[in-house]
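Me: I'm new to this one and would like to walk through a few parts of it with you. Can we put it up first?

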Amino acid sequence: MDVATFVDHAPMQDRDLLLRLSMYFDAVDLRLRQGQGWFIFNARGGRSRRISTFIQLRLAEHTPPVSHYLMPWRDFALSAFVTQEALPVLAPDVAADARIREEFDLAARITSQTWTQMLSTDLLVLVGLKPSNRHEAELLDRTLTSRHDQRLATILLAPDMPQELAAELQTADPAAQYWDRIFQRMYDTSLVAL
């Protein structure tokens with residue numbers, strides 16, 4: 001299916017956003033040089049799939065190819081857990097058990113590759129943003145800080161509205177260290193859609 005047909009078949013509430021995204025991708029090289037991304041709220045279920053499919057369609061048609069990484073939140077959350085919770089717990093037992101050493105090395109290698117890809121690709125697209133644990137909020141904050149400092153574009157698709165996402169993040173981060181920084185970094189460098 002071509003992009004125009006895809007937009008024409010989208011529900012009315014999504015057409016405006018898809019047209020705005022289309023303008024973004026019409027000048028994607030410039031947008032990426034500027035580090036400009038998107039913070040899209042209220043993207044749950046079918047809407048999230050439509051938006052992420054549209055992004056993939058637009059990226060696939062670009063020549064030369066755009067360096068990008070589309071990552072479901074589930075994978076991001078799993079990477080955060082392995083990196084910040086599981087590996088530190090296993091570390092003391094690694095030397096004593098060869099099987100644990102193999103598993104540890106494999107997990108460390110996979111999460112390192114994931115982290116490198118998140119921090120080096122020209123465009124990172126996180127789909128289904130829903131931090132529910134401190135380690136997820138912390139890794140999201142570190143990822144966005146690094147990408148912001150490098151002027152790399154990020155597109156976040158959150159299933160909730162901003163105030164709901166802020167409340168969920170407050171539960172994961174009672175000290176309220178992350179929401180303001182995450183929101184401000186994205187707001188400074190991104191287009192916003194509800």
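Me: What should the 18 residues of helix α5 span, and how far apart are its end C-alpha atoms?
Reply: This is a predicted model, so everything here is computed from it. At 1.5 Å a residue, helix α5 (residues 73-90) should span 26 Å, and its end C-alpha atoms are 24 Å apart, which agrees.

Me: Where does α5 bend?
Reply: The bend is at Val 82, and it amounts to about 40 degrees. Val 82 is also one of the buried residues of α5, a list that includes Trp 73, Phe 76, Ala 80 and Leu 87.

Me: And what covers those buried residues?
Reply: The cover includes the strands β2 (68-72) and β3 (123-127), together with the helices α6 (98-120) and α7 (134-149).

Me: Switching to the strands, how do β2 and β3 run, and how many bridges join them?
Reply: They run parallel, and five bridges join β2 to β3. In one of these pairings, His 68 has Leu 123 in β3 as its bridge partner.

Me: Which residues of β2 are on its covered face?
Reply: Tyr 69 and Met 71 are on the covered face, whereas His 68, Leu 70 and Pro 72 make up the uncovered one.

Me: Back to Leu 123, is it buried or exposed?
Reply: Leu 123 counts as buried, because its relative accessibility is 0%.

Me: What is Leu 123 in contact with, leaving aside its neighbours within four places in sequence?
Reply: Among them are Tyr 24, Phe 25, Leu 59, Tyr 69, Arg 147 and Ile 155. Tyr 69 is 54 residues from Leu 123 in sequence, yet the two are 6.4 Å apart in space, C-alpha to C-alpha.

How values were computed: Residues numbered from 1 in each chain as written. Predicted model: local features only at pLDDT ≥ 70, side-chain atom pairs only at ≥ 80, totals over all residues. Heavy atoms only, no water. Helix = DSSP H or I, 4+ residues; strand = E, 2+ residues; numbered from the N terminus. Expected span 1.5 Å × (residues − 1). Bend = angle between axes of the 7 residues up to and from the residue. Buried < 20%, exposed > 50% of the residue type's maximum accessible area, 1.4 Å probe, protein only. Contact = heavy atoms within 4.5 Å. Pairing = 2+ DSSP bridges.
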